[in-house]
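Subject: Structure handover

Hello,

Please find the structure below, followed by notes on what was found in it.

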Amino acid sequence: MLGLADDRRSWLVGYDRLIVAAGARDVLLGFAGWERAGTLGAGGAAALLARYRALAARRLLVMGSGALGLHTAALALEHGVEVAGVVEVGARVRGPAATAKALAGRGVPFFTAHTIQEARGRTGEIESVVLVAVDGVGKPVGGGAKEIACDAVCWAVGLVPGVELLSLVGARLRFVGALGGWVPEVDASLRTSVPTVFAAGDCAGFHEGRLARPDVAQAEGRRAGLAAAESLGARARPRPDTQAPAASPEADTAPHACWNAWLDSLIAVGGVEVNVCQCEEVTRRELVETKPPRYLKWDSPQMDARSLATLLGDGPVSQDQIKRLTRAGMGPCQSRRCREQVGLLLARAAGTTLDRIPLPTFRPPVRPLPLNVLWPTDEPAAMREDWVSWFGIPTQFSPHWMAGMAIDEPTAHARLILSDE
């Protein structure tokens with residue numbers, strides 16, 4: 001069964017075969033002021049620009065070069081948005097040289113060996129950002145700060161496969177750095193380890209070589225569809241297939257080296273008192289020190305004695321464990337904005353690599369939904385009136401509003417004993 005929802009209702013659909021084509025989502029990294037309106041990812045910017053034509057930004061600053069960053073800058077210019085610059089933490093611009101040259105020819109400045117220190121604005125929106133020059137290990141270089149006017153900051157450092165649904169159906173996942181991180185194990189027909197479930201497109205693996213080949217995802221969808229139909233006994237006529245482009249040399253080391261370089265620079269210029277989880281307001285320091293969120297105002301000697309070092313003494317650290325202790329990743333976005341940051345910070349603090357940090361678990365709904373959408377409009381009156389029977393244990397709960405029920409409930413006959421101890 002698959003649960004679906006729109007803006008008005010939710011419903012269940014049964015299936016014999018399921019093809020998951022959930023795409024990929026943006027990797028975002030925190031900096032001072034990234035809670036302000038105007039911070040977004042390359043995938044979100046592309047959708048707002050090309051699909052919905054609804055991006056409100058007038059002057060966009062792109063963080064990260066590579067094929068993704070350069071493509072995002074070119075797309076913004078194509079749709080009439082001024083590009084305030086492309087920022088790269090490394091010493092050189094990554095990505096296709098021809099695209100970089102074309103952008104420079106249109107007046108787009110490149111800020112290599114720079115990182116972002118903070119976003120500024122008089123209200124809750126971005127009006128400018130401060131960039132800081134950094135050396136080869138991300139440390140700030142004296143006298144290298146500059147303020148850039150812009151109303152949006154777009155992270156274009158990478159995309160990761162959307163595997164939430166695949167995880168929920170029990171598909172086996174493995175970490176492949178060159179494909180963006182955790183991806184499903186699939187065979188030649190794109191069937192996962194669950195025989196009734198297939199995966200196609202960027203959710204099965206993403207690298208920047210796919211940006212120039214949108215036909216590859218379409219071909220994978222056809223291949224999965226044909227395989228699903230054939231597994232149900234249909235005789236499908238195969239179509240000419242499109243081979244996926246090989247990963248670029250830069251992708252062989254995975255984007256995670258680039259993410260680590262960005263994170264090192266952000267910590268060096270911004271410190272550890274920056275929120276890593278916006279939803280629960282958990283800072284980098286609180287995450288690594290495994291502290292509960294400040295708004296709880298919870299002073300616990302047991303929690304004070306706990307740290308990442310003590311957790312490591314019990315075994316490998318996991319994001320689920322950290323989520324329970326700090327609430328990082330427990331908000332409405334269900335860690336979509338902070339999952340990679342949390343993993344990178346934990347790996348950094350534990351002296352290990354991102355692939356050694358287990359993927360957090362997921363639970364439905366994989367997208368936040370209002371209660372009025374989850375409310376079953378087709379619920380029969382009998383079920384609505386006798387809802388207490390859902391508990392299955394009549395003595396566990398008795399409706400107090402019905403005469404006699406509270407008295408007849410077995411626990412009501414127990415003698416109440418009061419004590420001053």
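Arg327 is partly exposed, with a relative accessible area of 27%; here buried means under 20% relative accessible area, exposed over 50%, and partly exposed in between (1.4 Å probe, protein chains only). Arg327 forms a salt bridge with Glu280, their closest N and O atoms being 3.0 Å apart. The term salt bridge stands for a side-chain nitrogen of Lys or Arg within 4 Å of a carboxyl oxygen of Asp or Glu. The two residues are 47 apart in the chain: Arg327 sits in the loop between helix 11 and helix 12, and Glu280 in the loop between strand 17 (275-277) and strand 18 (282-283). Helices (H or I, at least four residues) and strands (E, at least two) are DSSP runs, numbered from the N terminus. Glu280 counts as buried, at 7% relative accessibility.

This is a predicted model, in which local features need pLDDT of at least 70 and side-chain atom pairs count only at pLDDT 80 or more, while totals for chains, interfaces and linings use all residues. Residues are numbered from 1 along each chain as its sequence is written, and side-chain values use heavy atoms, with hydrogens and water left out.

The count of salt bridges comes to 20. One of them joins the side chains of Glu164 and Arg25 (3.9 Å, N to O). Glu164 lies in helix 4 (residues 164-168) and Arg25 in strand 4 (residues 24-26), so this pair ties together parts 139 residues apart in sequence. Both Glu164 and Arg25 are buried. Glu164 also forms a salt bridge with Arg336, again with 3.9 Å between the closest N and O atoms. Arg336 is in the loop between helix 11 (319-326) and helix 12, 172 residues from Glu164. Arg336 is buried, with a relative accessible area of 15%.

What about cavities? The structure holds two of 30 Å³ or more. A cavity is a set of points on a 1 Å grid over the protein atoms alone where a 1.4 Å probe fits but cannot get out, and lining residues have an atom within 4 Å of a point. The largest cavity has about 190 Å³ of space, the volume being that filled by probe spheres set on the points, which are joined across faces, edges and corners. Of its 19 lining residues, the closest to the centre are Phe175, Trp182, Arg339, Glu340 and Leu359. Helix 12 gives the largest share of this lining, three residues.

Regards

Notes
On a 1 Å grid over the protein atoms alone, a cavity is a set of points where a 1.4 Å probe fits but cannot get out, and a pocket is an open set with protein on both sides within 12 Å along at least five of seven lines; lining residues have an atom within 4 Å of a point.
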